[in-house]
Amino acid sequence: MTLTEEIIKLKREKNAIVLAHNYQRPEIQDIADYVGDSIGLSIKAMEEKEAEIIVFSAVDFMAESATILNPDKKVLLPTLGARCPMAQMLTVDEIKRWKVHYPLVPVVLYVNTLASAKAYCDICCTSANAVEVVNSLDAETVLFGPDHNLAEYVSRKTGKTIIPIPERGFCPTHLLFQPEDVQVLKMKHPDAVVMVHPECSLEMQDIADFIGSTSQMCKYARSNKAKRFIVATERGIIHHLEKENPGKQFIPAYKDAVCPNMKLNTLERLYRALKEEKYLITVPEPVAKRARKALEKMVELRI
Ligand code: SF4
């Protein structure tokens, strides 16, 4: 039996489903029951009534969110070390420090934060709904973290005063994209449409034909008549885009833009996770209760 067949067998025996982020390895995406972005995956987990085990093939903060939103289910992360460095950049102490200076200003946190930080925010957002979440608040100034580029993007789109916390939080993978590389690619493929993730620099955002989250990129590519796209986000998404759009070409804006943390999950580790039911992700209930409120507020907005 191949490893893939073993995983399918274990899924059936243990009544488990596999949810995989768009940045996962192609072979994991191919075996997953659902592939999507962080919030899409968590909502999928909430809607899942039958499964007893959810293997969340992604990084720490996403599995934490799934656990918070699905307290009755066993949520497993295949690799314990699959941690998002951006999520580690915002601590509770840092949030408290900013709140001393801006006690009445609401705190909006990107889902790419640890549960402990989420417990200290008013509402969460994703890169897909950050603009709408900030616009939904009756406030002209907002504390926003941890991604500085997403904060700038939201500031441009909403016209509100967005204070980034920490001052320069970033995604190391999305910082790899440079406008010069895209310009060279455009010389070779002048007809290509440029899609850029808002975690990229403002210089990258400025040369984009479309700025959006991974799920928004997928939607845009499906509905756009163009035949060729230059893609500025983690290259795992190329597999998803190619599967959904036969006949269209997707070119990574920088071929080495790989998130090493996302890629820690392998088929072998996924198999061990299912077999040994590890690594179980738990969040202490007092923290989960507060973080759940912030996540549910976002989900309720349905944007
Ligand atoms: S791509 Fe960036 S934000 Fe996403 S998990 Fe990797 S380091 Fe974190």
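This is a predicted model: local features need pLDDT of at least 70, side-chain atom pairs count only at pLDDT 80 or more; totals for chains, interfaces and linings use all residues.
Residues are numbered from 1 along each chain as its sequence is written, and side-chain values use heavy atoms, with hydrogens and water left out. Local features need pLDDT of at least 70 and side-chain atom pairs count only at pLDDT 80 or more, whereas totals for chains, interfaces and linings use all residues.

Helices (H or I, at least four residues) and strands (E, at least two) are DSSP runs, numbered from the N terminus. In a regular strand the side chains alternate between the two faces of the sheet. In strand S9 (residues 193-196), Val193 and Met195 point one way and Val194 and Val196 the other way. All are buried (under 20% relative accessible area, with exposed over 50% and partly exposed in between; 1.4 Å probe, protein chains only). Strands count as paired if DSSP finds at least two bridges between them. S9 pairs in the parallel sense with strand S11 (residues 228-232) over four bridges, and valine 194 has isoleucine 230 of S11 as its bridge partner. A parallel pairing of S9 with strand S10 (residues 210-211) has two bridges; here methionine 195 is partnered by phenylalanine 210.

A nonpolar core is a set of buried Ala, Val, Leu, Ile, Met, Phe, Trp, Tyr and Cys residues joined through side-chain atoms within 4.5 Å. The largest has 65 residues, of which Phe56, Val108, Phe144, Val154 and Met298 touch the most other members. A second, separate core of 16 residues includes Ile28, Ala32, Val35 and Tyr271.

Tyr271 is also among the buried residues of helix H14 (residues 267-276), together with Leu267, Leu270, Ala273 and Leu274. Seen down the axis of H14, these residues fall within an arc of 160 degrees, so they line one face of the helix; the arc is that of the directions from the helix axis to the C-beta atoms. They pack (contact: heavy atoms within 4.5 Å) against several elements, including helix H1 (3-14), strand S1 (16-21) and helix H2 (26-31).
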